[in-house]
Structures are given as structure tokens and as C-alpha cells.
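Here is a short briefing on one protein chain. Look at the fold before reading the notes below.

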Amino acid sequence: MAIIKVCLGSSCFVRGNDKTLAFLEDYIRRNNKNATIELLGCRCTNSCQDGPTVFVDDKKYCHPTQEELLRILEAL
Ligand code: FES
């Protein structure tokens, strides 16, 4: 199972992770990926300057676009 963590710290959240979270939730629901992708929120990881940050199996992605996220999701 892949684990995706979306930083929900205030800096990342207001700079785009609110939309990223909604995008990921929607992708998982529409593609019935609940059994293969675990979506979690996480607290600030002290890399706000790189944010908004998303972690996929502990690999950090900095301000990923929805197109990049889609490529990552389709490769899981
Ligand atoms: S708020 Fe996301 S890294 Fe700090």
C-alpha cells in the first residue's frame, strides 16, 4: 500500500495543500483506490520554505502541480 501524506500545517495548507488534499481524495474515490493508497495528513515538517509539501512513501514533493500528482498517482 502506498502512503501519501499531505502537510496540513498552516503554511502549506493556505498555499495549496487544501486543494491538493481535495484533489487526492477525489482521485482515490473516483478510481476506487482506497485499498491501495492510504491518504494521511501530517503536521508541519519544518520545510515550509519548500512547501506546500506532499510525501509519497516518504519521498518529498515540493509544491507539486495536479499534473505532477496525477503522474505520481498513476505510477503507484
Ligand atoms: S507547514 Fe508544511 S512544512 Fe511547514
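Two strands pair if DSSP finds at least two bridges between them. Helices (H or I, at least four residues) and strands (E, at least two) are DSSP runs, numbered from the N terminus. By those terms, Val-56 stands opposite Lys-59 in β4. This is a predicted model: local features need pLDDT of at least 70, side-chain atom pairs count only at pLDDT 80 or more, and totals for chains, interfaces and linings use all residues. Residues are numbered from 1 along each chain as its sequence is written.

**Overall layout**

- The chain holds two helices and four strands.
- Read from the N terminus, the order of elements is β-α-β-β-β-α.
- The chain is as compact as a globular protein of its length, because its radius of gyration is 11 Å, close to the 11 Å that the globule rule gives for 76 residues. The radius is taken over C-alpha atoms, and the rule is 2.2 Å times the number of residues to the power 0.38.
- The C-alpha trace spans about 30 × 20 × 15 Å along its principal axes.
- Two residues are in contact if their C-beta atoms, placed from the backbone, lie within 7 Å. Among contacts between residues at least 6 apart in sequence, 68% join residues at least 24 apart.

**The sheet**

- Four strands form an open sheet in the order β2-β1-β3-β4, with mixed pairing.
- β2 and β4 (59-62) are the edge strands, and each pairs on one side only.
- Neighbouring strands are turned by 20° against each other on average, direction ignored. Axes here are lines fitted to C-alpha atoms, for helices over the stretch in contact, and angles run from 0 to 180 degrees between N-to-C directions.
- Six bridges link β1 and β2 in the parallel sense.
- β3 and β4 run antiparallel, joined by four bridges.

**Helix α1**

- α1 covers residues 10-30 and bends by about 75° at Gly-16. The bend is the angle between axes fitted to the seven residues ending there and the seven starting there.
- A residue is buried if 20 or more other C-beta atoms lie within 10 Å of its own, exposed if 12 or fewer, and partly exposed in between; C-beta atoms are placed from the backbone.
- The buried residues of α1 are Cys-12, Asn-17, Thr-20, Leu-21 and Leu-24.
- Their cover includes β1 (2-7), β2 (37-42), β3 (53-56) and α2 (66-75).
- Val-14 also lies in α1. Val-14 is exposed, with 11 other C-beta atoms within 10 Å.
- Val-14 and Pro-52 are 38 residues apart in sequence, yet 8.6 Å apart in space, C-alpha to C-alpha.

**The core**

- Buried residues make up 18% of the 76 residues in the chain.
- In soluble globular proteins, nonpolar side chains tend to be buried together.
- A nonpolar core is a set of buried Ala, Val, Leu, Ile, Met, Phe, Trp, Tyr and Cys residues joined through C-beta atoms within 7 Å.
- The largest such core has seven residues: Ile-4, Val-6, Cys-7, Cys-12, Leu-21, Leu-24 and Val-54. β1 and α1 are the elements that give two or more residues to this core.
- Ile-4 touches Leu-24, Ile-37, Leu-39, Val-54 and Val-56, not counting residues up to four places away in sequence.

**Tyr-61 on β4**

- Tyr-61 lies in strand β4. Tyr-61 is partly exposed, with 17 other C-beta atoms within 10 Å.
- Leaving out residues up to four places away in sequence, Tyr-61 touches Thr-53, Val-54 and Val-56.
- Tyr-61 and Gly-51 are 10 residues apart along the chain, and their C-alpha atoms are separated by 8.5 Å.

**Backbone points to check**

- Most residues other than glycine have a negative phi, and most peptide bonds are trans.
- Asn-32 follows α1, and its phi is positive, near 55°. Asn-32 lies in the loop between α1 and β2. Asn-32 is exposed, with 8 other C-beta atoms within 10 Å.
- Asp-57 takes a positive phi near 50° in the hairpin of β3 and β4, which has two residues between the strands. Asp-57 counts as exposed, with 11 C-beta neighbours inside 10 Å.
- A cis peptide bond joins Gly-51 and Pro-52, with omega about 5°. Pro-52 is found in the loop between β2 and β3.
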